[in-house]
Amino acid sequence: MGLTNSIELRELWETRRSVVLLGLFALVLCVDLLARLAGVEVGLTDSYSFGGALSLTRFGGLLWNGIVIGLIIGLAGIGLSMTYSILSFANFSHGDLLTTGAFGGWAATYIVAAVGTIELGSLLVVRAAGSVSPADIGANIVQTPFAILVGIVVAAAVTIAVALVIDRLVYKPMRDRGGIALLIASIGVALALRYIIQFIFGSRNRGVTDTTGVRVELVGISVNLHQLTLVVAAIVLMIAMHLMLQRTKLGKAMRAMADNKDLALVTGIPTERVVRATWVIGGGLAGVAGYFVVLDRGVIGFNLGWFLLLLIFAAVILGGIGSIYGAIAGGLVIGITYNVVLIWIPSDFNEAAAFALMILVLLYRPDGIFKGVTTA
Amino acid sequence: MSADTQLADDPLLAVHSLDAGYGDLQILTDVDLTVDVGEYVTVVGPNGAGKSTVMKSVFGLTSYMGGTIVFNGEEIHGLPPEEIIHKGISYVPQNDNIFTSLTVRENLEMGAYILDETPTERIEEQFDRFPILRERQRQRAGTMSGGQRQMVAMARALMLDPDLLLLDEPSAGLAPDLVDDMFDRIDRINDDGTSILMVEQNAKEALRRCDRGYVLAQGENRYVDDGETLLADEAVRQQFLGG
């Protein structure tokens, strides 16, 4: 009995060495995490120790932040994944669509929240010159819920409009070119969009939200109402997205076109209309995601989407590019990793950890988590 | 002149001295072809003869270079496929002819996309025609066998109840015991009143089944006759049917 076991173990070691090592590493991390939660610490050297002290609250907080950022990334990733599968190119300007939505939406929120009390100019450019403070405007979910709601809708609308104009001007004339030509064009679009935004709204990163009264106790847990708002809204949007794709004629046509463009054409599916719908949905979700990034962080800047783009790509690729469910799952995995690794490594490196996890997943599932399970 | 008399006199599809190809490359030269109302016509010929190109040209998928294509008394050459499908022609490509990630039923719904509402009775008609598809309607089409996929592809194309069905090598890739079954089904579609223009590599079987056949070589018509005559023709047998 013992003999066969050791032979089996040895075989396992020789054939799947990397998996075993990886499993051991994961096991060590899990044990370490449990030890930390239990407050057990075993000193290894002067500066390193196994276990430590980690309060359940802090761990829960990291996990929750991970889910929040993961849902934002997932929401943004849906659009990226859809443009990839329906228009056949990796859209590098997708991040800047987030920025577009963020500025468009917050300008609207500011105007609704403080028009009449504060000069319109500084509201419209989301306090570019910094003359008024967020507290003067008082934009938050407690004091001005309606302004936030308007902001979300305007963020989507502005981004949809911008995405459709860009498609008409840039991508439509290039529709039959290869994915590489479109990808490079999209990098140009990303730069143009970003610097137009910088020209209008300025280059300063600045605080936007007023956080007075936003953190409340709900059933004994301290909750940030801004995060709660965006989590609920993101989940509602994702469910709506699912129903649209599975139940409606347009949604089915989008899946059909993502599946097989040539056949969609000979079937009589109006492909240009499907492309426009893709921009409407993908752009709208990107705009809302951009608005939510600011709602979560409280800070806006012309670079916010660009800096998020790599994480969005990582999520989409991890989930299986082309699948919206993959984008959501990938977003959550990346977002949670991004935050939970802070237990072990400093925050300068957490992005690297997210990418390392993506590479690991791709080594064992080269097409991503959801590829071959569900398309579009 | 009323539309009825025109239909009675003229063929459903009339291709006259058609030149067509891909980009700048001309494949077809001076091709003539007709399909009468209710007729079952096949195009056979060696690999690279331009058989599929004829069919794609009718459906607007090639570069039009000259000649005329008249369908139901209306010139359709130079029109894009999304307009041609509205005229009453449906096309089943040879490869990748189903939406693999959609369910069988969704594939059929897509077939009727251009109609304002999905006609459930048409879906039922296709299920009556291909009963296995009724059983498998919730299954993803990509998980089905070769023969069943071909049924999904045909059912999808028949959802618009077309006047003319274009079939590109329907027996390609099918297991030999399924080929006969497939040809039987095509016979029945034709018996139900749908005219058929089919390209086939399985020339002998295709000519045996059809009303009339065209032998195409190097992008030009070589022989036209009813199927049995072509099968019996010594020159056709020698050159194109392997003796």
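Here is a quick look at one strand and one helix pair in chain B, plus two residues of chain A.

This is a predicted model, with local features needing pLDDT of at least 70 and side-chain atom pairs counting only at pLDDT 80 or more, while totals for chains, interfaces and linings use all residues. Residues are numbered from 1 along each chain as its sequence is written, chains are lettered from A and ligands numbered from 1 in the order in which they are written, and side-chain values use heavy atoms, with hydrogens and water left out.

Let's start with strand E7 of chain B, residues 164-168. Helices (H or I, at least four residues) and strands (E, at least two) are DSSP runs, numbered from the N terminus. E7(B) is mostly covered, with 5 of its 5 residues buried; buried means under 20% relative accessible area, exposed over 50%, and partly exposed in between (1.4 Å probe, protein chains only). In a regular strand, side chains alternate between the two faces of the sheet. Here Leu164(B), Leu166(B) and Asp168(B) sit on one side, Leu165(B) and Leu167(B) on the other, and both faces are covered.

| Strand paired with E7(B) | Sense | Bridges |
|---|---|---|
| E6(B), residues 89-92 | parallel | 4 bridges |
| E8(B), residues 195-199 | parallel | 5 bridges |

Towards E8(B), Asp168(B) stands opposite Val199(B).

Now for the helices: the axes of H4(B) (residues 104-111) and H5(B) (residues 120-129) come within 10 Å and cross at roughly 125°. That makes the pair oblique, since angles under 35 degrees count as roughly parallel, over 145 as roughly antiparallel, 65 to 115 as roughly perpendicular and the rest as oblique. Arg105(B), Leu108(B) and Glu109(B) of H4(B) meet Thr120(B), Ile123(B), Gln126(B) and Phe127(B) of H5(B), where contact means heavy atoms within 4.5 Å.

Over in chain A, Arg194(A) belongs to helix H8 (residues 179-201). Arg194(A) counts as buried because its relative accessible area is 5%. Setting aside neighbours within four places in sequence, Arg194(A) touches Asp96(A), Phe302(A), Asn303(A) and Trp306(A).

Val299(A), in strand E6 of chain A (residues 299-300), is partly exposed because its relative accessibility is 38%. With neighbours within four places left out again, Val299(A) contacts Asn205(A), Arg206(A), Gly207(A) and Val294(A). Val299(A) and Met241(A) are 58 residues apart in sequence and 28 Å apart in space, C-alpha to C-alpha.

Methods:
Axes are lines fitted to C-alpha atoms, for helices over the stretch in contact, and angles run from 0 to 180 degrees between N-to-C directions. Two strands pair if DSSP finds at least two bridges between them.
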